[in-house]
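Please look over the sequence and the model shown here. The briefing that follows covers sheets, record annotations and salt bridges.

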Amino acid sequence: QTLVAVLQFLRRSNLRESEEILRREARLLGDDLGAAALSPTAAGLLGAPGGDADSAVGEALLNRVTTAAAIAIGGSVSTVASSSPGVAAVPSLPPGKVGGGVVVEDQPDVSAVLSAYNQQGDPTLYEEYYSGLKHFIECSLDCHRAELSQLFYPLFVHMYLELVYNQHESEAKSFFERFHGDQECYYQDDLRVLSSLTKKEHMKGNETMLDFRTSKFVLRISRDSYQLLKRHLQEKQNNQIWNIVQEHLYIDIFDGMPRSKQQIDAMVGSLAGEAKREANKAKVFFGLLKEPEFDVPLDDEDEEGENEEGKPKKKKPKKDSVGSKSKKQDPNAPPQNRIPLPELKDSDKLDKVMNMKEAARRVRLGPECLPSICFYTFLNAYQGLTAVDITDDSSMIVGGFADSTVRVWSVTPKKLRSVKTAADLSLIDKESDDVLERIMDEKTASELKILYGHSGPVYGTSFSPDRNYLLSCSEDGTVRLWSLQTFTCLVGYKGHNYPVWDTQFSPYGYYFVSGGHDRVARLWATDHYQPLRIFAGHLADVTCTRFHPNSNYIATGSADRTVRLWDVLNGNCVRIFTGHKGPIHSLAFSPNGRFLATGATDGRVLLWDIGHGLMVGELKGHTDTIYALRFSRDGEILASGSMDNTVRLWDAVKAFEDLETDDFTTATGHINLPENSQELLLGTYMTKSTPVVHLHFTRRNLLLAAGAYSSQ
């Protein structure tokens, strides 16, 4: 009767396979006594009172029958395994296992992860299981079909890996060949990696594979669709698939209408499925910090009043715009002292004043008034142009090259000069008014300076806001800080062990961020030789990095096809955006700090509302990777530059107006993207044969673009 009780327990717990194994085992033992004899010891060991003896025995036998369950039940059972001779004698635990399902091996993490694959059904039935589910989903109602189709890819991967891990190589091969064509086109690259994993040994060192194993694949499904699936799998007793769903997938269930095919398509495609809704719930202070207050001295030419209306009109709005900016505190802004920011130097204040004067003459852009575009083409760049940056005041441009050099050009008639040598400096009168001019050495004046130091291609460059420093990062794993006064290298920051793909200065200077092949982004301060923060979480290379305008957050784009937003204060990930179908190569925050635009190899620009953590737009038009994104100074226009040799201008105001950001949308992620992004496209500008690598709006809203002419 104990055996019957155990079998009932197994059936109640829906462990059909274990039940089958137990029946077979019982027949091997010859009679029911073998199992019954265990009952008193097992009950005693588990400390179960008489009434619970059955379930205790159930658990003891479970432990002896199936490893998968042993892993699940854990500690209490392992005591039984070690102290009850009856159980220890049963040879159903595979060698190398200890009672609790721990693998004793040199690489604990990998093996522990892979051991989950030990629970296996009949390898010949895998194709049948999968095609049965496929048939069920394809025949279900339209409203559920789109949602349930999301299961195809993760189940396909896990079932294939399970076959490979258990060394059913021919079954794995035929399973792959039969079903890999059914997967969505944006998983092609992952499937290529997968198809090369054909033996158990291959799985040990493969990173992609490990990520897939350790991070649960996230699916967002409505409750109705989920119930439908659960009922189907339980009726069919298809517990192989059910095991995978429970073990390896994270199903984020929401109440409400199922999502449509295009709503799902917009959001899926990353390496680990969609982001959990929980991931985008944290509060983000996306507002701007208060500008420091100081008076704007009016110089002579302003007082002459260039326009006919006379000068008072011109002065007034300018004064107000400066004042109003600083007096009102943005309600969504972080506290001014949330992270320590460097003090403003006098030269910074002067620069701010210049900036404000320029801003007064800024062209108001819009659909009726598009910016002029000035394109800097790098000709004969046979060294291979790999990165470009332009200073905020548009006076200098820098190129990083594959021959490991960094080249800085002056774009204005003012030549680049270095500071005089120490001996010459001691002769200068420090009190004179033009001391800053005198310290420069005229003999060194030239349009171009070449900086040597890296030992590999330079993939990222960034000027400091005060134009005194320049950052460059390279394949050699270092980030270098160069002085633009002496044009020499001041520091080499070593932290990444692999190529560093991007680096960027904070809008306030002092801090900078770098991201690389080691899948993490690091936050540095110029005066520390070790990183202050390490942002870990991406499943593949961090390909691009950007500071939020308030410098409290950093956005990173990755080859795992997600964008993450990190809090500089505590290093937490506060947003995960999924929806791109290829590695992300460009990021841009809107000037008001509310929105983020991202561009990737899939040729789409996606727009995100940072506060609500939602996708709010998709701009289609480019036919190749988007390497450059930039908002105009007032945020009316978004410019995108791509490898398809075009610059496109988009109407940002229209893209962000009347957004549906009600609670329902935020809760379920039902986003309704406009069908046609063409009405947001304001213009497309072709180059002859120059991919666009960088875009920059000058302070007066002239658009500068840069790239290297490619002859092929």
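Over how many bridges do β24 and strand β25 (residues 637-642) pair, and in which sense? The two pair over five bridges, in the antiparallel sense. This is a predicted model, in which local features need pLDDT of at least 70 and side-chain atom pairs count only at pLDDT 80 or more, while totals for chains, interfaces and linings use all residues. Residues are numbered from 1 along each chain as its sequence is written, and side-chain values use heavy atoms, with hydrogens and water left out.

**Terms for strands and sheets**

- Helices (H or I, at least four residues) and strands (E, at least two) are DSSP runs, numbered from the N terminus.
- Two strands pair if DSSP finds at least two bridges between them.

**Sheet β4-β5-β6-β7**

- Four strands make up an open sheet in the order β4-β5-β6-β7, with antiparallel pairing.
- Because β4 (385-390) and β7 (448-451) stand at the edges with a single partner strand each, one side of each is left without a neighbour in the sheet.
- Neighbouring strands of this sheet are turned by 20° against each other on average, direction ignored (axes are lines fitted to C-alpha atoms, and angles run from 0 to 180 degrees between N-to-C directions).
- Strand β5 (residues 396-401) pairs with strand β6 (residues 406-410) in the antiparallel sense over five bridges, and Gly399 stands opposite Arg407 in β6.

**Sheet β24-β25-β26-β27**

- Another open sheet of four strands has the order β24-β25-β26-β27, and its pairing is antiparallel.
- Its edge strands, β24 (626-631) and β27 (681-686), each pair on one side only.
- From one strand to the next, the twist averages 15°.
- Phe631 has Leu638 in β25 as its bridge partner.

**Record annotations**

- Residues 451-486 are 0% helix and 53% strand, with the end C-alpha atoms 11 Å apart.
- Residues 493-524 are 0% helix and 59% strand, with the end C-alpha atoms 9 Å apart.

**Salt bridges**

- The whole structure holds 30 salt bridges (a side-chain nitrogen of Lys or Arg within 4 Å of a carboxyl oxygen of Asp or Glu).
- One of them joins the side chains of Arg338 and Asp567 (2.5 Å, N to O).
- Arg338 lies in the loop between α20 (311-327) and α21 (346-360) and Asp567 in strand β18 (residues 562-567), so this pair ties together parts that are 229 residues apart in sequence.
- Arg338 counts as buried at 15% relative accessibility, and Asp567 counts as buried at 4% (buried means under 20% relative accessible area, exposed over 50%, partly exposed in between, with a 1.4 Å probe and protein chains only).
- The side chains of Asp392 and Arg699 meet in a salt bridge (2.8 Å, N to O).
- Asp392 lies in the loop between β4 and β5 and Arg699 in the loop between β28 (694-697) and β29 (703-708), so parts 307 residues apart in sequence are tied together.
- Asp392 is partly exposed at 30% relative accessibility, whereas Arg699 is buried at 6%.
- Asp393 and Arg467 form a salt bridge through their side chains (3.0 Å, N to O).
- This pair links distant parts of the chain, 74 residues apart: Asp393 is in the loop between β4 and β5, and Arg467 is in the loop between β8 (458-463) and β9 (469-474).
- Asp393 is partly exposed, at 26% relative accessible area.
- Salt bridges with shared partners join Asp351, Asp392, Asp393, Arg467, Arg633 and Arg699 into one network.
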